Amino acid sequence: MRLIFVYWAFEDQGSGLVIQGYCAAAKALGHEVAVYGRPKPKIPLNYSLDIDAADAVVFIFEWTTQMLGGDALDLLRLVNNIPRRRRVILDGDGNYNDMLHVGGDYNHRDAAEAQRWIAVCDSLSDKVCQPTLHPLRPNVRPFLFYSYNPAWERPFDGSPKEFSMIYVGHSKFRWHPMHAILRAIEPVRSQLGRIALLGYGWGALPAWAAPMQLEDAYYADVEYLRKLDVEILEPIPFEAVIDWMSKATLNPVITRPTFNALRLVTPRFFETPAASTLPVFRLDTDYVAEVYGGGGKELVLRDDGGNMFVDMMQRPARYNGLVRDIRHHLATHHNQMVRLKELIEIIES
């Protein structure tokens, strides 16, 4: 089967690494996955404009969808060539829901915006999927599109780390969960080395925040970060994410409040355990166990988070065993080859 993914790709944000993995998984299984569009040297994906050869189309809707204006003629070609029953929507941010506000985060600004999003999806396909096992709407299919690739795994070689902690990701609606991580670090800050945040919004608003009225979404307390001597580094290409995470002993796994409420998974949920690092989950315990298995609970941020961080710095080998168990669980239950087979079943249903 030849699948066309419609995706608004960026070099330093989004799901490029996951899509690369699907292209490789498809090739291994005798299929093909291509991203609709012309080649972009800085975004190395398998591009194609050959709609006639496509058996199905998957629209990957994330927040980047709203950053670039679509080509109406491209959309017309896609829907004219691919029958409705062979179109699938991956609603990555949980926007195919009524308006939801949680902890200062929201999926839509108002009910009218929510209804517009739902109407657009309904006009394209009857097969709407979300990366959660608990969709709110009865016509949404649970499908964890974001998934794990064992080829990403970096070995635990015991070499000294350049950083005590790194977080790779943007600040969009993530200040409150990040603040919880940093509050836990604050009492033991002198016992840790370098800490860095890589991504847009931590040190200053990204250029698009004001035009898109997203100033509140990218809020971060820059003075507090300076007080804790947290370094703000530039965003990195998606192909470098796992290697950068591997530069640190610890990497927090956090998510937006709405994502936590919907139990959505994101690419970082699966990229972090593949890095040569120790993930620290600032997520609900049941949420962690559902994705990572029972062993993941031991890496959930505790009330005495500072002592937990110090112990992880001093005894990384003990925690490496937990991460190996998590990797095995993810490779067994969330492997991209397994997910691609599920996607084809959805298409053919």
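What we have here is a predicted model, in which local features need pLDDT of at least 70 and side-chain atom pairs count only at pLDDT 80 or more, while totals for chains, interfaces and linings use all residues. Residues are numbered from 1 along each chain as its sequence is written, and side-chain values use heavy atoms, with hydrogens and water left out.

Strands and helices are DSSP runs numbered from the N terminus, a strand being E with at least two residues and a helix being H or I with at least four. Strand β11, residues 195–198, and β12 pair in the parallel sense over four bridges, where pairing requires that DSSP finds at least two bridges between the strands. In general, strands of a sheet pair through backbone hydrogen bonds, either parallel or antiparallel.

Which strands make up the sheet, and in what order? Five strands form an open sheet, ordered β12-β11-β10-β13-β14, and the pairing is parallel. Strands β12 (230–233) and β14 stand at the edges with a single partner strand each, so one side of each is left without a neighbour in the sheet. From one strand to the next, the twist averages 25°, taken from axes that are lines fitted to C-alpha atoms, with angles between N-to-C directions running from 0 to 180 degrees.

Strand β10, residues 163–168, is mostly covered, since six of its six residues are buried, and buried here means under 20% relative accessible area, with exposed meaning over 50% and partly exposed in between, for a 1.4 Å probe and protein chains only. Four bridges join β10 to β11, and Tyr-167 has Leu-197 in β11 as its bridge partner. With β13, strand β10 pairs in the parallel sense over two bridges, and the bridge partner of Phe-163 in β13 is Ala-248.

Let us turn to the helices. Seven of the 10 residues of helix α10, residues 305–314, are buried, so this helix is largely enclosed by the rest of the structure. The buried residues include Met-308, Phe-309 and Val-310, and the buried residues of α10 pack against α4 (175–185), β13 (248–253), β14 (278–281) and α11 (316–333), with contact meaning heavy atoms within 4.5 Å.

Finally, which residues of helix α12 are buried? They are Gln-336, Arg-339, Leu-340, Leu-343, Ile-344, Ile-346 and Ile-347, whereas Glu-345 and Glu-348, on the other side of α12, are exposed.
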